[in-house]
Amino acid sequence: MEENMKLATVEDTVEYHLFLIPDEPRDPEKHKEILQKYIERIMTQFAPLLVPYIWQNQPFNLKYKPGKGDVPAHMFGMTKFGDNIEDEWFIVYVVKQITKEFPELVARIEDNDGEFLLIEAADFLPKWLDPDNSANRVFFHHGELCIIPAPRKPGAVSWLPTTPPTIPQALNIISTHPEEILASESIRAAVNRRIRGYPEKIQASLHRAHCFLPAGIVAVLKQRPRLVAAGVQAFYLRDPIDLRACRVFKTFLPETRIMTSVTFTKCLYAQLAQQRFVPDRRSGYKMPPPSHPQYRAHELGMKLAHGFEILCSKCSPHFSDSKKSFMTTSPLWAGFLESLKKNDYFKGLIEDSAQYQARLEMAKNYFQLSVNRPESSLAMSPGEEILTLLQTLPFDIEELKKEEADLPPEDDDQWLDLSPDQLDQLLQEAAGKKEAEPISKKEEQNYDLSQVSESMKAFISKVSTHKGAELPREPSEAPITFDADSFLNYFDKILGIFSSKKTHMCQDGDYSIVVAKNWNVLNVHGEGNG
């Protein structure tokens, strides 16, 4: 990053930057101390929202980033959201709320596609705004989306630079002219529509299912519910080398399996449920017949056990003790815990109660991942974290078995199957279009649909050569003329298809459609196809 903030370069990754305004000259060390205090305040205040969240790959996090070039020191975070684009939009909501709670902060957010907030609002952008001149113009301030405009003529507005502003220029403009840079209502509405429903929406994105799992995994997930994501990803992205560790299980033995309830995100559940997999006969993971009432629980548990075994197989059981002790030796922990208590994180629970201890463990994990992240050389891998928990966490298989009788009911997974009507509704909602435009009688008379259908069949039946496809017509016929715009416009009005701009928005903006497009985890079927 020099004059302009560089775009996120890692695939499926979102970056977010928080700047303090006004951007006045400060002693670097004092400025660092101020920003680190802000990080602690932000992560503590938003802990009730962030602690229980299950991330696909990486959590929301903030760290101090020193100034470089003309980019001042600021708070920075980067999250790889992978296949679950909802993580990215949840972060947009969090960043927006941070600037609302801390009005002296200005936030900038982008991903590897660039200004994805502008992509979401593509239909409402002013004509002058394009990818070439949008650098350092889009920010959140006071919880609202702001776009620094470009002057109609050079020098027409004294406080607006004729070229894309630098970060210091942008911060100064936001500080001195906050009302003039507020994005239009339609642009703000488009972005707000995408994050509408948070934080309640978090619960709607979860799926609870029964799984027949080894007792060790059950104990680990009780302490670290978020590790379900690492287990699913290890199974979902497995390769033949990974599966060598699953020929004979060494960590999670099949004979220790018990029935339990596991909370997934819908994306994780879809990835686990929709993949067909047959375990190695040597593994000991025998499956009941598909007609068995608990077949799905056995299948999900078998797959998740493979993921956890793969994670543990990738690390030595005697890894560095410095990693094990790092989680509890930070001097920041005591202050962070006190701040949590002040923010009513523990909801008045008694300290010795099981619920209090569970929330405390989640807070410790959140602190380690998001507040006090160690250097990569000291960071624990998921496998190392699992092995550490197994070594230090006492659990009784018989006690865990007693819980089988009181498991909460499973969630219905009918959402995996998407009918054509539901898909059409999703597409229309993504484009903000409620219904197709009516077709005039004159337009209907200009097209004979049966003739179009027959022409298409004739065209398909022709054999193409190295010169291209041969058109289905007699030599005596006049050359065919084809008005592509008229043709597409007609079908646009019949089917309610989006413009290319709206289609791009839909592909980039909706979790369920993106998952269906990229991972084939949603089944789109018609009548009679099941």
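Hi everyone, let's start with a network of salt bridges that links Arg224, Arg226, Glu361, Lys364 and Glu385. A salt bridge here is a side-chain nitrogen of Lys or Arg within 4 Å of a carboxyl oxygen of Asp or Glu. Before going on, please note that this is a predicted model, where local features need pLDDT of at least 70, side-chain atom pairs count only at pLDDT 80 or more, and totals for chains, interfaces and linings use all residues. Residues are numbered from 1 along each chain as its sequence is written, and side-chain values use heavy atoms, with hydrogens and water left out.

Back to Arg224. Where does Arg224 sit? Arg224 is in the loop between helix 8 (215-223) and helix 9 (227-236); helices are DSSP runs of H or I with at least four residues, strands are runs of E with at least two, and both are numbered from the N terminus. Arg224 counts as buried, because its relative accessibility is 5%. Buried means under 20% relative accessible area, exposed means over 50%, and partly exposed is in between, using a 1.4 Å probe and protein chains only.

Lys222 pairs with Glu403, with the closest N and O atoms 3.1 Å apart. That pair links distant parts of the chain, with Lys222 in helix 8 and Glu403 in the loop between helix 17 (397-402) and strand 9 (417-418), 181 residues apart. Lys222 counts as partly exposed at 43% relative accessibility, and Glu403 counts as partly exposed at 36%.

Another salt bridge joins Lys314 and Asp242 (3.5 Å, N to O). Lys314 lies in the loop between helix 12 (295-313) and helix 13 (321-326) and Asp242 lies in helix 10 (residues 240-244), so the pair ties together parts that are 72 residues apart in sequence. Buried or exposed: which is Lys314? At 58% relative accessibility, Lys314 counts as exposed, whereas Asp242, at 10%, counts as buried.

Let me finish with Arg108. Arg108 forms a salt bridge with Glu115, the closest N and O atoms being 2.8 Å apart, and both Arg108 and Glu115 are buried.
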